[in-house]
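Please keep the sequence and the three-dimensional view at hand while reading.

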Amino acid sequence: MDPLSDILALLKPHSYVSAGFEAGGDWSVQFPSYEGIKCNALISGQCWLAMEGVSDPVHLQTGDCFLLTKGRPFQLASDLSVPSIDANTVFEPARRGGIAKCNGGGDFFLAGSRFTLVGDHTDILLGILPPIIHIRNEADQAFLRWILKRMRQEVRDAQPGSSLVAEHLAHLMLVQALRLYLSEAVEGRVGWLFALADKQMGKAIDLIHADPARRWTLQALAQNIGMSRTAFALRFKETVGLTPMNYLTRWRMLLASERLATSRDKIPTIASALGYESESAFGTAFKRVMGCSPRQYSRHGKDGTTDQRRRSSPNNLLLHGRDHFIN
């Protein structure tokens, strides 16, 4: 798989709400805080989006797609001065996969999903995304329009299997929205996601993800992408925020932590599969990055407790400033 697919697979995004929202006349709906990612597309009409902690409201028009990534309360409205009603009042009568209506509908239609990220490393993605991602780029709009058209049909005219079809369409919309955001991202942004837009740095990350167990050296990676060792090292650090070898180690530890938490594989087996000749060398690297030994991490996973794993994960170290996997 490619790096974006690798990380999404690690985070296990699960769309458990795929629904439509219709409104008519003057309306305003206040949405509470939530977990995960909201991915929505405006199929008809226009509205304003205002979010807690974001200074400027966003004007949305037909065809726009937007992601909400921080779980903050937000407001959708035809006019932000209109008194808001609680979203639960509007959406409670609508069944899963159905259509919620405000003021009878007719002027505005929104389709979308909310994704939960099952893995322990959610900030790998959410930590580098802004609270609101507003997609307006015309690139690949034909594909996005097809997704929106199919989603509208599935939520409006439920047929056998509509719930499953809507979930798959929601995953397509999430990936396409991230692709479009990546294509629009301002130059100079630092992090693995933005590095994927750089042809050479993206290839280097792809090589690491394709064969994490290989004994990669700075020289080998540089040769594979046609750069000098020094130029590659500087460019990678500037683009990704980590040295290539640090990125490799942290990616290996993420893969290791996932296997420790979800499989019955023994520690020596995992160590060998990730390129370590000894359990000791693997354990030293794991503790340096994760903050605990592989056995401690595995034991908490087998006990069904995740607090320790979250405290030890690289994304949580990013939040607390001790260390980081991704900037």
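In this predicted model, the structure holds 13 aromatic pairs. One of them joins F286 and Y297 in an edge-to-face arrangement, with 5.6 Å from centre to centre and 80° between the planes. This pair links distant parts of the chain, since F286 belongs to helix α12 (residues 279-290) and Y297 to helix α13 (residues 294-302), eleven residues apart. Are the two partners buried or exposed? F286 has 0% relative accessibility and therefore counts as buried, the limit being under 20%. Y297, at 1% relative accessibility, counts as buried as well. Elsewhere, ring pairs connect F21, W27, F31, Y34, F74, F91 and F108 into a cluster.

The overall composition gives these details their setting. The protein chain has 15 helices and eleven strands. Of its 327 residues, 50% are buried. Among contacts between residues at least 6 apart in sequence, 74% join residues at least 24 apart.

In soluble globular proteins, nonpolar side chains tend to be buried together. The largest nonpolar core has 60 residues, and L67, M173, W192, F232 and Y247 touch the most other members. Helix α5 (residues 162-184) gives the most to this core, contributing nine residues. Apart from it lies another core, of 23 residues, which includes L42, F74, V90 and A100. Which residues does F232 touch, not counting those up to four places away in sequence? They are M201, A204, L218, L221, A222, I225, M227 and P244.

Helix α7 (residues 199-210) has twelve residues. From its first C-alpha to its last it reaches 16 Å, close to the 16 Å expected at 1.5 Å a residue. Its buried residues are M201, G202, A204, I205, L207, I208 and H209. These residues pack against α1 (3-11), α6 (192-195), α8 (218-224), α9 (229-240) and α10 (244-262).

Helix α1, one of these packing partners, is mostly covered, as seven of its nine residues are buried. The buried ones are P3, L4, D6, I7, L8, L10 and L11. After α1 comes K12, whose phi is positive, near 50°.

| Helix | Residue giving the side-chain oxygen | Residue giving the backbone nitrogen | Distance |
|---|---|---|---|
| α1 | D2 | L4 | 3.2 Å |
| α7 | D198 | Q200 | within 3.1 Å |

Leaving aside neighbours within four places in sequence, T249 is in contact with Y276, R288 and V289.

Finally, the confidence of the prediction deserves attention. The protein chain averages a pLDDT of 83, and 85% of the residues score at least 70. Over residues 302-327, however, the pLDDT is below 50. Beyond near neighbours in sequence, this stretch has 62 contacts in the model. Where pLDDT is low, the predicted coordinates should not be read in detail.

Notes: Residues are numbered from 1 along each chain as its sequence is written. Side-chain values use heavy atoms; hydrogens and water are left out. Helices (H or I, at least four residues) and strands (E, at least two) are DSSP runs, numbered from the N terminus. The expected span of a helix is 1.5 Å times one less than its number of residues. Buried means under 20% relative accessible area, exposed over 50%, partly exposed in between (1.4 Å probe, protein chains only). Contact means heavy atoms within 4.5 Å. A polar contact is a pair of N or O atoms within 3.5 Å; within protein, one must be able to donate a hydrogen and the other to accept it, and residues adjacent in sequence count only if both atoms are side-chain atoms. A nonpolar core is a set of buried Ala, Val, Leu, Ile, Met, Phe, Trp, Tyr and Cys residues joined through side-chain atoms within 4.5 Å. pLDDT is the predictor's confidence in each residue, from 0 to 100. Rings of Phe, Tyr and Trp (its six-membered ring) pair if their centres lie within 6.5 Å; planes under 30 degrees apart count as stacked, over 60 as edge-to-face and the rest as tilted.
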